[in-house]
Amino acid sequence: MKNYKIALLPGDGIGPEVTAEAVKVVDAAGSRHGFQMQWIRYPFGAAHYNKTGEIFPDSVLAEMRLCDAMMLGAVGDPSVKPGILERGILLKLRFHFDQYINLRPACSYESVPCPVPLSKGVRIDSVVVRENTEDFYMGIGMTTQKGGADVPFQAERGLYKLTGHLSAKFVPDCEAALQIGALTRPGVERVTRHAFDLAQKRGEKEVVLASKANAVPFLYGFLDEETKRVAATYPNMALKIQNVDALCYHLARNPAGYGVILCPNLFGDIVSDLLSALTGGLGLGAGGNIGDSLSMFEPVHGSAPDIAGTGKANPLAAILCAAMMLDHIGESAGAKSIQDAVTSYLGESGAAQRPIELGGSASCHTVGDGVAKKIE
Ligand code: NAD
Ligand code: IPM
Ligand code: MN
C-alpha cells in the first residue's frame, strides 16, 4: 500500500463542497488501486480571514512543500475585497512554488450537449497551456492621487527577483491607476517548450499562441518573437500566432478546431473559462498548476458564491482535477479509473443523476457518490 501526503485547501463557497466529492472519489480509487492518501487540511479562506485577520501564513509553506501534491477548491468571497484572498492565497501559492504551467484540458463528452452543436463524431479535445507566473499577474502597479506618484516595486518569482520604480504624472492632473505586465525570455521559453512537448506527445503538429501584439506591442510583440525562437527548435512542428480576439471568435464557432493553445497568463485565464463553457460548463473544467516542486490541482471555476450551499455545484471539475493529480504523482491507473468513471457516469445517468449544471437534478453530493460507486 503506497501512502501519499496531499495538502487540501477547500477554500470558499463551493470549494469545500466540490473538494469533498473529489476526496471521496480519490479514496475510492485508492482502495481499488492500492494507495492511501493522508489529507492535510488547511482552513485558509474567507471565514478564517474574517475571524482571525490571517490570510495565509508563510509558516505553512515549508510543510506544504513536503506534500506529494496539493488540491485546492477555490478562494474568494463577497465578504472580502476582491484580490485579498485570490492574490494572498492562490497566486501566492502559484508563485511561491513556481508553478509556471497552468494546464487546463477541455474535453467534451458525447452525452453532454455543448452550447455550440458539434458534428457527429467530432469532440473537443483541447488543452490550454497557460503561463502562470508573469504577464499582468506580476502585481506591479499603483493608483495615483492628484499630483502623480512615484513608487518603488518589487516582485519575486522562481526565475528572478524584479525591482524597479514606477513614476507617473498626468497633465492635466487626475486620479489614475497603472498596472504593468512583464514577460521574460526564460519565462516564455519554459512554457513554450512545455506546450510544444505536449503537442508532440499528443501527436499534433501545431501549437496555437493566443497573442495581441497589434495592440500591446511591447509585451505581446516580445511574446511572439520569443515563442517563434523556441518554436524554431521543433523542426516538424508549426507555431500559429492568433490574436486572442479572433481566437475567441473561432473557438465559439468551431470549438473542436484546436489542440494545444499556448496563452500568456491573462488570456489563458479567459480562454480557459470559454473552453470550459464550450464543453458544457465550468463544472467540467479541470486544471493543474504544475511546477518542479509542489504542484497544485484546482478547477478552472471559482467559489461560485451565487450557488454555494445550494447543492447545485457540479463537482466533476474537482473530480477530474483529482485524476490529473493522480497522474502527476504516478498513480495513472487510479487516474484512468476516475476519468472512465466520469465518462460512464455521464453516459449512463438519467436526469436524476445528472449534475444540475448539465440539465439534470442531481446534487453535488449525489454526483460524487455516483462517480465513487463506479470506481469501487
Ligand atoms: P465562478 O467561476 O465562481 O462562477 C462563474 C459562474 O459559473 C457562476 O454563475 C457560478 O455559479 C457558475 N459555476 C462555477 N463553478 C460551477 C460549478 N462547479 N457548478 C455549477 N456552476 C458553477 O466565477 P466568479 O463568479 O467570477 O468568481 C467568484 C469568486 O471566485 C470570486 O471571488 C473570484 O475571485 C473567485 N475565483 C477563484 C478561483 C480560484 O480560487 N481558483 C477561480 C476563479 C474565481
Ligand atoms: C483562475 C482564477 C484566478 C486567476 C483568480 C482567482 C486570481 O480566475 O484560477 O482562473 O485569474 O488565475
Ligand atoms: Mn479564471
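Biologist: What kind of space does ligand 1 take?
Modeller: Ligand 1 takes the second largest pocket of this predicted model. A pocket is an open set of points on a 1 Å grid over the protein atoms alone, with protein on both sides within 12 Å along at least five of seven lines. A molecule sits in one if more than half of its atoms lie within 2 Å of its grid points.

Biologist: Which residues come nearest to ligand 1?
Modeller: Glu86, Glu298, Gly302, Ala304 and Asp306, out of 20 around ligand 1. Being around it takes a heavy atom within 4 Å.

Biologist: And the polar contacts?
Modeller: Those are pairs of N or O atoms within 3.5 Å. A polar side-chain atom of Glu86 is 2.5 Å from an oxygen atom of ligand 1. A polar backbone atom of Ala304 is 2.8 Å from an oxygen atom of ligand 1. Asn314 puts a backbone N or O atom 2.9 Å from a nitrogen atom of ligand 1.

Biologist: How much of ligand 1 does the protein bury?
Modeller: 70% of the 810 Å² that ligand 1 exposes when taken alone. Areas are Shrake-Rupley with a 1.4 Å probe.

Biologist: Switching to ligand 2. Which residues are around it?
Modeller: Glu86, Leu90, Arg94, Arg104, Arg130, Tyr137, Asp269 and Val300. So Glu86 is listed for ligand 2 and for ligand 1, with the 4 Å rule applied to both. Helix α4 (residues 84-96) gives the largest share of the ligand 2 shell, 3 residues. Helices are DSSP runs of H or I, at least four residues.

Biologist: What does ligand 2 touch through oxygen?
Modeller: Ligand 2 has an oxygen atom 2.7 Å from a side-chain N or O atom of Arg94. For Arg104 the distance is 2.9 Å. For a polar side-chain atom of Asp269 it is 2.8 Å. The protein buries 77% of the 320 Å² that ligand 2 exposes alone.

Biologist: Now the sheet. What is the strand order?
Modeller: β2-β1-β3-β14-β13-β4-β5-β12-β10-β11, an open sheet with mixed pairing. Strands are DSSP E runs of at least two residues, and pairing needs at least two bridges. The edges are β2 (35-41) and β11 (238-243).

How values were computed
Residues numbered from 1 in each chain as written. Chains lettered and ligands numbered in written order. Predicted model: local features only at pLDDT ≥ 70, side-chain atom pairs only at ≥ 80, totals over all residues. Heavy atoms only, no water. Polar contact = N/O pair within 3.5 Å; in protein donor to acceptor, adjacent residues only side chain to side chain. 1 Å grid on protein atoms, 1.4 Å probe; cavity = no way out; pocket = protein on both sides within 12 Å on 5 of 7 lines; lining within 4 Å.
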